[in-house]
Amino acid sequence: MSEQHFPLSDFIEYPTDEMLKRAQDNYSEIKRRHSIRKFSDRPVDKSIIEQAILAAGTAPNGANHQPWHFVAIQDPEVKSQIRQQAEAIEQAFYGGRGGEEWLDALKPLGTNANKSYLDTAPWLIAIFSQKRMNTEEGDKTNYYVHESVGIATGFLIQALHHAGLGTLTHTPKPMSFLTEICQRNPDNERPYMLLVVGYPAEDATVPEHAINKKPLNEILTVI
């Protein structure tokens, strides 16, 4: 090996019965995670967001290039700009651009072009993917970018839920306005997702349609 390697020193092995309990406990916690569309305006301390993003940064990724960048937004004016741009795109989408099949699939969720939560929630996290990384030796190509950022986003959602916060994934198409608003480099970065973060509002609801999850026998094949 051309690079130094270190012994794996922080892995913890558990007895089988404890492993099963930990797996069950994790499932019990994560199945309480729901996408919500009504948020409280209660503030959330920045340090909680920072810790969740640190967790996201541990996600596996291509060649350890870590091809992601997170922009955490709490400024009301910036959130308002994002809402204005997102709603303009969503109005076109719900006006017919989304196509009949897609719009029919969304009807049970009750979604529409009104994205008031973009103003109300205390935090928005814009997630960007990066095509290349800057090093002392110059620019290098990033690999498995889409997959890597997707895994990191999953880590982030889980970390925020574990901390006791609600989330909503928001993906208006196109999302190029986020690059400008967040002052990111359009030549190297592409908006991947906008994550809405905060406490659920007291009248927050979960659509019945969203509670229906496929059973194990439909999502697992054992060979």
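Which residues do ring pairs link into a cluster? They are Phe-93, Tyr-94 and Trp-102. The model is predicted.

- Strand 1 and strand 2 (residues 123–130) run antiparallel and are joined by six bridges.
- Val-71 has Ala-126 of strand 2 as its bridge partner.
- As background, the strands of a sheet pair through backbone hydrogen bonds, and the arrangement is either parallel or antiparallel.

**Annotated domain**

- An unreviewed UniProt entry places the feature "domain: Nitroreductase" at residues 30–199.
- Residues 30–199 are 41% helix and 22% strand.
- The end C-alpha atoms of this span lie 16 Å apart.

**Ser-40**

- Ser-40 sits in the loop between helix 1 (16–30) and helix 2 (46–56).
- Ser-40 counts as buried because its relative accessibility is 13%, and the cut-off for buried is under 20%.
- The Ser-40 side chain reaches the backbone nitrogen of Arg-42 at 3.0 Å.
- Apart from neighbours within four places in sequence, Ser-40 is in contact with Thr-120, Ala-121 and Pro-122, and also with Tyr-199, Pro-200 and Ala-201.

**Aromatic pairs**

- A pair of aromatic rings is described by two quantities, the distance of the centres and the angle of the planes.
- Searching the whole structure gives two aromatic pairs.
- One of them is Phe-93 with Tyr-94, an edge-to-face pair at 5.1 Å centre to centre with 85° between the planes.
- Phe-93 also forms an edge-to-face pair with Trp-102, at 4.8 Å centre to centre and with 85° between the planes.
- Phe-93 counts as buried because its relative accessibility is 7%.
- Tyr-94 is partly exposed, since its relative accessible area is 24%, and this class runs between the 20% and 50% cut-offs.
- Through these ring pairs, Phe-93, Tyr-94 and Trp-102 are linked into a cluster.

Technical notes
Residues are numbered from 1 along each chain as its sequence is written. This is a predicted model: local features need pLDDT of at least 70, side-chain atom pairs count only at pLDDT 80 or more; totals for chains, interfaces and linings use all residues. Side-chain values use heavy atoms; hydrogens and water are left out. Two strands pair if DSSP finds at least two bridges between them. Helices (H or I, at least four residues) and strands (E, at least two) are DSSP runs, numbered from the N terminus. UniProt positions are given in the numbering used here, feature names are shortened, and annotations may be inferred rather than shown by experiment. Buried means under 20% relative accessible area, exposed over 50%, partly exposed in between (1.4 Å probe, protein chains only). A polar contact is a pair of N or O atoms within 3.5 Å; within protein, one must be able to donate a hydrogen and the other to accept it, and residues adjacent in sequence count only if both atoms are side-chain atoms. Contact means heavy atoms within 4.5 Å. Rings of Phe, Tyr and Trp (its six-membered ring) pair if their centres lie within 6.5 Å; planes under 30 degrees apart count as stacked, over 60 as edge-to-face and the rest as tilted.
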